[in-house]
Amino acid sequence: DYVTEVAHHIGMMLEGPDAGLRRVLALTRHKMQSKAAMQAAELDRGAVMCNLVKAENLPSRSGPAQKRKFIDPYITFSIARGNPLKQQPGVEQRVMRSRNKDRKAAVRRFAKSLTVLEDSNPMWNESIALAFPKKFEDVPIEELWVHVLLWDYDSLSTDDLVAHAAFPLSEIRAGRMQEVAAHNLHPLPGSESDLSKSRLWVAFDPCMLQSE
């Protein structure tokens, strides 16, 4: 608990005097991320613009009720084959392995939002470009999904995967998900998190997603 508290305060301190530097670095990363996705769109089957607005009623960190803290949420988007919500236990380990490999890729599979510190009702209002992976170029679009992952940032350890949602890429390409709407967040297999009131407001623009 002591280490957790120290890590939390360090994170809050960074949002103080160094907040400007952190924001500049984050915005620079976002611009590079979007540029890489646009370049990939020109070469492969395109990209999806993910319009992330906000979330509400996100769960607190586990622990005694009097010591529970709000999470430091951020969102990642990726394209997966098969409905991720129907996967067997072990989703977090598989995703972490994929993200570790992704850090060295020229065009990253995981598009990431900014992190909001200690907030159960975060506002993002971000448009995030998600590149279409080259390895899926011959896969029928009906088999592909946009996997949305909710994470809890940890300054001293590995970030925790909290919840997820999934959206058929075929529906996105057809233009049926362009309006911002509230969507349920789902617990990971084996998780006991109460997400009954948790919602994520998001929309997807298929303007860069090419037809087969």
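**Labels and the values behind them**

Reader: Why does Lys 135 count as exposed?

Author: Its relative accessibility is 57%. Exposed means over 50% relative accessible area, buried means under 20%, and partly exposed lies in between (1.4 Å probe, protein chains only). The value 57% is over 50%, so Lys 135 is exposed. This is a predicted model: local features need pLDDT of at least 70, side-chain atom pairs count only at pLDDT 80 or more, and totals for chains, interfaces and linings use all residues. Residues are numbered from 1 along each chain as its sequence is written, and side-chain values use heavy atoms, with hydrogens and water left out.

Reader: Where is the place of Lys 135?

Author: In the loop between β4 (123-131) and β5 (144-152). Strands here are DSSP runs (E, at least two residues), and helices are runs of H or I with at least four; both are numbered from the N terminus.

Reader: What makes the surface patch with Lys 135 positive?

Author: Its members are Arg 94, Arg 97, Lys 101 and Lys 135. Lys and Arg count as positive, Asp and Glu as negative; His and chain ends are not counted. A patch takes residues with over 30% relative accessible area and no salt bridge, and joins like charges within 9 Å (nonpolar side chains, namely Val, Leu, Ile, Met, Phe, Trp and Tyr, within 5 Å). Lys 135, at 57%, passes the area cut-off.

Reader: What makes the contact of Arg 61 and Asp 152 a salt bridge?

Author: The N to O distance is 2.8 Å. A salt bridge needs a side-chain nitrogen of Lys or Arg within 4 Å of a carboxyl oxygen of Asp or Glu. The value 2.8 Å is within 4 Å, so the pair qualifies. Arg 61 lies in the loop between β1 (47-56) and β2, and Asp 152 lies in strand β5, so the pair ties together parts that are 91 residues apart in sequence.

Reader: Is Asp 152 buried or exposed?

Author: Buried. Its relative accessibility is 4%, and that is under the 20% limit.

Reader: What forms a salt bridge with Arg 81?

Author: Glu 143 does, with the closest N and O atoms 2.8 Å apart. Arg 81 is in strand β2 and Glu 143 in the loop between β4 and β5, 62 residues apart, and the pair links distant parts of the chain. Glu 143 has a relative accessible area of 32%, so it is partly exposed.

Reader: How do you know that the side chains of Arg 176 and Glu 171 meet in a salt bridge?

Author: Their N to O distance is 2.9 Å, again within the 4 Å limit. Arg 176 is exposed at 59%. Glu 171 is partly exposed at 29%. Elsewhere, salt bridges that share partners join Arg 61, Asp 72 and Asp 152 into one network. The rule gives six salt bridges.

Reader: Why is β2 said to pair with β5?

Author: Strands pair if DSSP finds at least two bridges between them. Strand β2 (residues 73-81) and β5 have nine, in the antiparallel sense, so they pass. Arg 81 stands opposite Leu 144 in β5.

Reader: What makes β3 (111-112) and β6 (160-168) edge strands?

Author: The open sheet has four strands in the order β3-β2-β5-β6, with antiparallel pairing. Each of β3 and β6 pairs on one side only.

Reader: In what sense do β1 and β8 pair?

Author: In the antiparallel sense, over seven bridges. Glu 56 stands opposite Arg 199 in β8. Strand β7 (residues 181-184) also pairs with β8 in the antiparallel sense, over four bridges. There, His 183 has Leu 200 as its bridge partner.

Reader: Why does Arg 199 count as partly exposed?

Author: Its relative accessibility is 26%. That lies between the 20% and 50% limits, so the label follows. Arg 199 lies in strand β8 (residues 199-205).

Reader: What value does phi of Asn 57 have?

Author: It is near 55°, a positive value in a residue other than glycine. Asn 57 sits in the loop between β1 and β2. At 40% relative accessibility, Asn 57 is partly exposed. The C-alpha atoms of Asn 57 and Ser 196 are separated by 9.0 Å, though the residues are 139 apart along the chain.

Reader: How many helices and strands are in the protein?

Author: Four helices and eight strands. Buried residues make up 44% of the 212 residues.

Terms used: Areas by Shrake-Rupley, 256 points an atom, 1.4 Å probe, with all protein chains shown as cover. Charge placed at Lys NZ, Arg CZ, Asp CG, Glu CD.
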